[in-house]
Amino acid sequence: MMCMMRRTRKRTLCESMETPHTCFSNAFMLTFLLLNSALGTVAGADTYSRDDFPADFVFGSGTSAYQIEGAANEEGRSRSIWDTFAHAGYVHGENGDVACDGYHKYKEDVRLMVETGLEAYRFSISWSRLLPNGRGPVNPKGLQYYNNLIDQLISNGIQPHVTLHNFDLPQVLEDEYGGWVSRDIIRDFTYYADVCFREFGDRVLYWTTVNEPNVFSYGGYDQGSSPPHRCSPPFCVMKSNRGNSTYEPYLAVHHILLAHSSAARLYWRKYRHKQHGYVGISVYSFGFFPQTNTEKDRVATQRARDFFVGWVMEPLQYGDYPISMKTNAGVRIPAFTPRESEQVKGSFDFIGVIHYTNINITDNSDALKNQLRDYDADMAAKISGLELFSNEEYPVTPWGLREELNNFKLLYGNPPIFIYENGQRTPSNSSLQDVSRVKYLHGYIGAVLDALRDGLNIKGYFVWSFLDLFELLDGYKSSFGLYYVDRDDPELKRHPKLSAKWYSQFLKNRSSSIVGSVELDKDPSLVSIGHLFE
């Protein structure tokens, strides 16, 4: 999770988808907070239940491979670019070698999903665990693990949603030809996708090819603030001796779109008639708002949206990049051939939307006077309201999500959408009684309900994240989880937070109203580890 920042007629998704004293004191304070929470600040439905959503709408939660699995050096797995980035010390000296040990504890985690009432679970496959050489022979142990996880989910009535690439390209491919900056990646990604469709597609119906390519490329190829840590001076946030910030972000997204569309069309041609599944891609979005009501800031806000969201969505919908991007980046942004344009256009069954917060935009057109420019300067906009390297909580502003979802309807033909990540960031170990996360989820789920009533084609909502994970920019210093993972316990015991209790009650069709909705003072799981937060 980054935290930063058709076509030919085919069966559509919409047609087919179906200490005790401490805890007592805290519970008392919690009751006070809940009874006095300022619900008037949350736009959207204040009281709702699971029954207010369509029957085929799914609620879930998510993780990703490097963030949960651990077992980084076990049973044939090779390194990914995320391993390399973390072991270079860029994430507070922390890494995902153990993470939550999901590789060994997946049965326990699925039991928690059942107890919570999850209807779906989004996870990613580690390319370097399944294909340690990036292509060629399948690792039987990796294959067995993912088969076991998928079977465990299916047998418990939980719908798997699988992502193929989440910041974790096999390092061997990065070393061989530069990974996503080379056209060779299109061939190797398609091969990898084919293996996954073949081995798991009899049980997995929902496939996301690449997670948030916009921020993956921005962080990884312009700023150097995330894997694979490529950038060039003076644009690096974290110094690197590899890469070129002036054009590599554009090149990486270009190849991601070609690889995505290649994999999607392979699935439609080879597997859909017998597996009946769907292929999509996810895009990171904000609520975009002008800093002032001036014409310059309003235009800059649309330009920023072009650069973040239109970068991925316009090729998928219309076969080419936004005009503002082509104008400002010029020859540094690759051009699609007519054949490539047709391949990319319409190459999705659904879109995954990732959204956490809003940003304010100020015009910065003076940046275009610089001859040496990166993606950021090409955008010609200053962004405020976004703190990347932080564990501060996000403000609860769900109207930004509702407006952004309506933009997908207005601009991109109202595609089927899964909200694949949405959640509240808090400092790690801050409290099991995560009132702020409950308020956040309550507000944003209400905004999703409002968006459905606006006529949007939203098919599901997934809380980020199921457990406290190894986070991309902040390691174990911040958390998003419904469940706390005790990293001082050799068994990495999981403990439910207030948000897990709230979400569970909502999923079991009790009223979502915050006030009085959750009782914690008699919860033994909180009493037993109260010392952790004294």
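## Serine 80 and its surroundings

Serine 80 touches Ser128, Asp168, Leu169, Pro170 and Gln171, leaving aside residues up to four places away in sequence; contact here means heavy atoms within 4.5 Å. The position of serine 80 is in the loop between α3 and α4. Helices (H or I, at least four residues) and strands (E, at least two) are DSSP runs, numbered from the N terminus. With 0% relative accessibility, serine 80 counts as buried, a term that means under 20% relative accessible area, against over 50% for exposed and partly exposed in between (1.4 Å probe, protein chains only).

The side chains of serine 80 and aspartate 83 are joined by a polar contact of 2.8 Å. A polar contact is a pair of N or O atoms within 3.5 Å; within protein, one must be able to donate a hydrogen and the other to accept it, and residues adjacent in sequence count only if both atoms are side-chain atoms.

## Basis of the description

This is a predicted model, in which local features need pLDDT of at least 70 and side-chain atom pairs count only at pLDDT 80 or more, while totals for chains, interfaces and linings use all residues. Residues are numbered from 1 along each chain as its sequence is written, and side-chain values use heavy atoms, with hydrogens and water left out.

## Backbone features in loops

Most residues other than glycine have a negative phi, and most peptide bonds are trans. Alanine 71, in the loop between α3 (65-68) and α4 (81-87), has a positive phi near 45°. Alanine 71 is buried, its relative accessible area being 5%. Alanine 380 also has a positive phi, near 55°, and belongs to the loop between α16 (375-379) and β7 (381-384). At 0% relative accessibility, alanine 380 is buried.

Proline 227 and proline 228 are linked by a cis peptide bond with omega of about 5°. Proline 228 is in the loop between α10 (213-223) and α11 (248-270). A cis peptide bond also joins proline 233 and proline 234, with omega of about 5°, and proline 234 lies in the loop between α10 and α11.

## Packing of α5 with α7

Two packed helices are described by the angle between their axes and the distance between the axes. Axes are lines fitted to C-alpha atoms, for helices over the stretch in contact, and angles run from 0 to 180 degrees between N-to-C directions. Helix α5 (residues 102-116) packs with helix α7 (residues 140-155) at an angle of about 5°, the axes being 10 Å apart. α5 is therefore roughly parallel to α7, as angles under 35 degrees count as roughly parallel, over 145 as roughly antiparallel, 65 to 115 as roughly perpendicular and the rest as oblique.

On the α5 side, the contact includes Tyr103, Tyr106 and Val110, and on the α7 side it includes Tyr145, Leu149 and Leu153. The residues of this contact divide into 7 nonpolar, 3 polar and 2 charged. Ala, Val, Leu, Ile, Met, Phe, Trp, Tyr, Cys and Pro count as nonpolar, Asp, Glu, Lys and Arg as charged, and the others, Gly among them, as polar.

## Packing of α11 with α13

α11 and helix α13 (residues 295-318) pack at an angle of about 35°, and their axes are 11 Å apart. Pro249, Tyr250, Val253, Leu257 and His260 of α11 meet Phe307, Trp311, Val312, Pro315 and Leu316 of α13. This contact comprises 9 nonpolar residues, 1 polar and no charged.
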